[in-house]
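Student: I would like to learn how to read a structural model feature by feature. Could we take one kind of feature at a time?

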Amino acid sequence: MCISAQESAYSGDPDTSFITARDLAFAGNRTEARDTLYHILSVYPDYTDVRILLAKTYTWDAKYDDARKHFNKITTKEKGIKEVWVAAINNELYSENYATALGLSNKALNYIEEDIDLLKQKQYAMDGITGESSIEEDTSEAKQEEPLRNQIGISNSFEIFDVAYDPMFYSSIEYKRETLSGPIIPRINYSNRFNTHGLQYELDFYPKLSKMFYGYLNYGFSNASIYSKHRAGVEVYANYPKNMELSLGIRYMDFKTIKATIMTASVGLYKGNYYFSARPYITSISGKNLGFSGTALARKYLRDKQNYLGVTAVVGYSSELKQLRNAQDTLLAETVFYVESQQLLFEYQFTGKKNPNIYKANLGIAHQELVFNPGKFFWSVSAGITYQVKF
């Protein structure tokens, strides 16, 4: 899902494009990598990781003045990121600007106190000023830092209701691996609903089809009554000029007594530091009448795409989330696809200042029709947290 340098406007996913640029840079194709990085920055000027990599590529090519400009842009806004200070100081050491390196070292130690790596760099700078020694420049791809291609995520959430239902609990653990073909994500989901425990096993794959297209493949399996036995999904995404993304896909859910097919599509638009998307769902259950629902999402990105505030609105039941039971404890997977529902979900995601790990919190409220008493509604409140570790 990366872009070519010849496109007049960036229209790709910045995270995927960043990974592509990172791979290019570490393979020695730094000019091409910089083209992609500049395209990302044209839309996301505060994407810190992108600007760090851009500056480093200039250092590796001994273009120290160009690197310095980008390091300065970062350090004027981000004071506590060790990686930036280390790379900026190395840029001055490699260019033998030892006085500048010493000044940066002292400044960095004001924000990251007693750090052993910064203290070593300070000593290198002092030795350089006195002419005793200098640091050896390391520009070989084999010695450059490896990209973080692995990620483990843990999520926990709960939902409480004002009538009829006991609290429900949800957890999941997943492992994400970045590959040349695209991210692969195995996942285990756990739920405790209606005093029943259950596990579901899932696998997601986002294949890179071309510079314009990428895909989504999903399969899930469960023997638990609170999940569908089988679920599958296929979707194709396309990036278009003017920062637009379109998709078309299908979902399939195989319950014990019924089967559901869900057609879906999406349109997304990046506007500055904002992202907006809309997604309709058309549900068909065992050849019966169609059900309609839809979601709308808005996000404001902060430093980069890993840091944002978002809100999602859902109209109509979100058929991929859960099923509910009636008073006789009978699963109503068929009926629940057509109940009236409105939901709002607020989320805040951010990364650590000194590490790339991701934290996310969400809070939701829903107003939904009781499946066993049409025309009557309940309110529910949900909350959850997610923690993702990169390595």
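**Reading helices, strands, salt bridges and a patch**

Tutor: Start with helix length: helix 3 covers residues 48-60, and at 1.5 Å a residue its 13 residues should span 18 Å; the C-alpha atoms at its ends are 18 Å apart, which agrees. Keep in mind that this is a predicted model.

Student: How many residues of helix 3 are buried?

Tutor: The cut-off for buried is a relative accessible area under 20%. By that criterion twelve of the 13 residues of helix 3 are buried, so the helix is mostly covered. Among them are V50, I52, L53, L54 and W60, but also R51 and K56.

Student: What covers the buried residues of helix 3?

Tutor: The cover includes helix 1 (14-26), helix 2 (30-43), helix 4 (64-75) and helix 5 (82-94).

Student: Which residue with a positive phi follows helix 3?

Tutor: That is A62, with phi near 60°.

Student: What does the protein chain contain overall, in helices and strands?

Tutor: There are eight helices and 14 strands in the protein chain. The chain has 391 residues, of which 48% count as buried. For the fold as a whole, look at contacts between residues at least 6 apart in sequence: 50% of these join residues at least 24 apart.

Student: Where does D127 lie, and is it buried or exposed?

Tutor: D127 is in helix 7 (residues 116-130). Its relative accessibility is 15%, so D127 counts as buried. Sequence separation and spatial separation should be read side by side here: D127 and Y98 are 29 residues apart along the chain, and their C-alpha atoms are separated by 8.5 Å.

Student: Now salt bridges. How many does the structure hold?

Tutor: The structure holds 19 salt bridges. For each one, check the N to O distance, then where the two partners sit. Take R68 and E92, whose closest N and O atoms are 2.7 Å apart. This pair links distant parts of the chain, with R68 in helix 4 and E92 in helix 5, 24 residues apart. E92 is buried, because its relative accessible area is 2%.

Student: What are the positions of R187 and D204, which also form a salt bridge?

Tutor: The closest N and O atoms of R187 and D204 are 2.8 Å apart.

Student: Which residues are linked with R187 and D204 in a network of salt bridges?

Tutor: The network links E174, R187, E202, D204 and R231.

Student: Where do E235 and R251 lie, and what distance goes with their salt bridge?

Tutor: Their side chains meet at 2.8 Å, N to O. E235 is in strand 6 and R251 in strand 7 (residues 244-254), so the pair ties together parts that are 16 residues apart in sequence. Both E235 and R251 are buried.

Student: Next, strand pairing. Do strand 4 and strand 5 run parallel or antiparallel?

Tutor: For a strand pair, read the direction and the number of bridges. Strand 4 and strand 5 (residues 213-221) run antiparallel and are joined by five bridges. Opposite E202 stands G220 in strand 5. Strand 5 is also joined to strand 6, by nine bridges, and these two run antiparallel. Within that pairing, F221 has H230 in strand 6 as its bridge partner.

Student: Last, the surface. Which residues make the nonpolar surface patch?

Tutor: The patch covers about 780 Å² and is made by L209, M212, F213, V236, Y240, M244, V267, L269, Y274 and F276. Strand 6 (230-240), strand 8 (259-271) and strand 9 (274-285) each supply at least two of its residues.

Terms used: Residues are numbered from 1 along each chain as its sequence is written. This is a predicted model: local features need pLDDT of at least 70, side-chain atom pairs count only at pLDDT 80 or more; totals for chains, interfaces and linings use all residues. Side-chain values use heavy atoms; hydrogens and water are left out. Helices (H or I, at least four residues) and strands (E, at least two) are DSSP runs, numbered from the N terminus. The expected span of a helix is 1.5 Å times one less than its number of residues. Buried means under 20% relative accessible area, exposed over 50%, partly exposed in between (1.4 Å probe, protein chains only). Contact means heavy atoms within 4.5 Å. Patches are made of residues with over 30% relative accessible area and no salt bridge: like charges are joined within 9 Å, nonpolar side chains (Val, Leu, Ile, Met, Phe, Trp, Tyr) within 5 Å. Accessible areas come from the Shrake-Rupley method with a 1.4 Å probe; for residues, only the protein chains shown count as cover. A salt bridge is a side-chain nitrogen of Lys or Arg within 4 Å of a carboxyl oxygen of Asp or Glu. Two strands pair if DSSP finds at least two bridges between them.
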